[in-house]
Amino acid sequence: MPPTIEQARAAAQRMCDMAGVTLLDPEHPLRDVIVAGVALASRVGGGSWDRDDVAQRVSVTLPGAGGALVALRAVPVVGPILAEAALVAGLGRTVISLSPVTWESPIGLLATVAHELGHAGQIRAGGLPWCIAYLVGAEARAAGEAPCYAAGMAVQVRLGGASTQAAYESAMRSLGRYGLDADALALAAGILASARATLDAGEDLGGVVLEVVAALESVGWQR
């Protein structure tokens, strides 16, 4: 049986609690502030998201403290807005803000949280240097996003029944909206192709699916 939306939401919350991350549902009062900041940042950075698209479909991870927050605050125009929203919402913890579309889909929710927790780990491990590289370098952005999309692919394939090819193509379409140049897109494609091969071989990606399944079972879901 696939998980219900209630089970998926409870499992997502448990995964974030275990990671020390604050999870914001789409109704959180700071969602509008985050949406405005992300949409503006996309335009400034050469991405193709408009405000309506961000509001409905884009989930985002924001640092809550330390050097990563300093890097975010330094981004011209939008940085202080997003940094203040993250600080207020997370009280010093990394913040994941979920989109309405994500919030209504059990598999989509679990795949997105696996993706965004990947970013939370990158922020925790890389701090200020990683955030600066992500913001200014297309290849660094590709190298940061592709493994997180791979984590989402694993959930879509193992728990949602998607084919690895469909999951790969969906991830590549999404990556096409990050303002990546040809070299960065090639790097992302290679990372995702490797992930697809791993899934085709019947293996997990670093325990991503195992973690999601454990969270689901802890809230009453049974395979």
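This is a predicted model: local features need pLDDT of at least 70, side-chain atom pairs count only at pLDDT 80 or more; totals for chains, interfaces and linings use all residues.
The buried residues of H1 are Ile5, Gln7, Ala8, Ala11, Ala12, Met15 and Cys16. Viewed down the helix axis, these buried residues fall within an arc of 165°, so they line one face of H1. The spacing of such positions follows a general rule: an α-helix has 3.6 residues a turn, so residues three or four places apart point the same way. On the other side of H1, Glu6 and Met18 are exposed.

What lies over the buried residues of H1? The covering elements include strand E1 (22–24), strand E3, helix H6 (100–103), helix H7 (106–136) and helix H11 (208–218). After H1 comes glycine 20, which has a positive phi, near 70°.

The nonpolar cores come next. The largest nonpolar core has 50 residues. Within this core, Val113, Val155, Leu175 and Leu192 touch the most other members. Two or more residues of the core come from each of H1, H7, helix H8 (138–158), H9, H10 and H11. Helix H8 gives the most, with 10 residues. Leaving out residues up to four places away in sequence, leucine 192 touches Ala146, Tyr149, Ala150, Met153, Tyr168, Ala171, Met172 and Leu175.

Charged side chains give another set of links. As a general point, side chains of opposite charge can pair when their charged atoms come close. In this structure there are 4 salt bridges. One of them joins glutamate 104 to arginine 9, with the closest N and O atoms 3.3 Å apart. This pair links distant parts of the chain: glutamate 104 is in the loop between H6 and H7, arginine 9 is in helix H1, and the two are 95 residues apart. Glutamate 104 counts as exposed because its relative accessibility is 54%, while arginine 9 is partly exposed at 23%.

Two further salt bridges involve aspartate 53. Through shared partners, the salt bridges join Asp53, Arg57 and Arg177 into one network. Aspartate 53 counts as buried, with a relative accessibility of 13%. Arginine 57 is exposed at 56%, and arginine 177 is partly exposed at 31%.

Is serine 97 buried or exposed? Its relative accessibility is 1%, so serine 97 counts as buried. Its side chain makes a polar contact of 3.0 Å with the side chain of arginine 31. Apart from neighbours within four places in sequence, serine 97 is in contact with Leu24, Arg31, Ile34, Val58, Ser59 and Val60.

Aspartate 204 is the other. It sits in the loop between H10 and H11 and is partly exposed, with a relative accessible area of 26%. Which backbone atoms does its side chain approach? The side chain of aspartate 204 reaches the backbone nitrogen of valine 208 at 3.4 Å. A polar atom of that side chain also lies 3.1 Å from the backbone nitrogen of leucine 210. Not counting residues up to four places away in sequence, aspartate 204 touches Thr198, Val209 and Leu210. The C-alpha atom of aspartate 204 is separated by 7.1 Å from that of alanine 154, although the two residues are 50 apart along the chain.

Methods
Residues are numbered from 1 along each chain as its sequence is written. Side-chain values use heavy atoms; hydrogens and water are left out. Buried means under 20% relative accessible area, exposed over 50%, partly exposed in between (1.4 Å probe, protein chains only). A polar contact is a pair of N or O atoms within 3.5 Å; within protein, one must be able to donate a hydrogen and the other to accept it, and residues adjacent in sequence count only if both atoms are side-chain atoms. Contact means heavy atoms within 4.5 Å. Helices (H or I, at least four residues) and strands (E, at least two) are DSSP runs, numbered from the N terminus. The arc is that of the directions from the helix axis to the C-beta atoms. A salt bridge is a side-chain nitrogen of Lys or Arg within 4 Å of a carboxyl oxygen of Asp or Glu. A nonpolar core is a set of buried Ala, Val, Leu, Ile, Met, Phe, Trp, Tyr and Cys residues joined through side-chain atoms within 4.5 Å.
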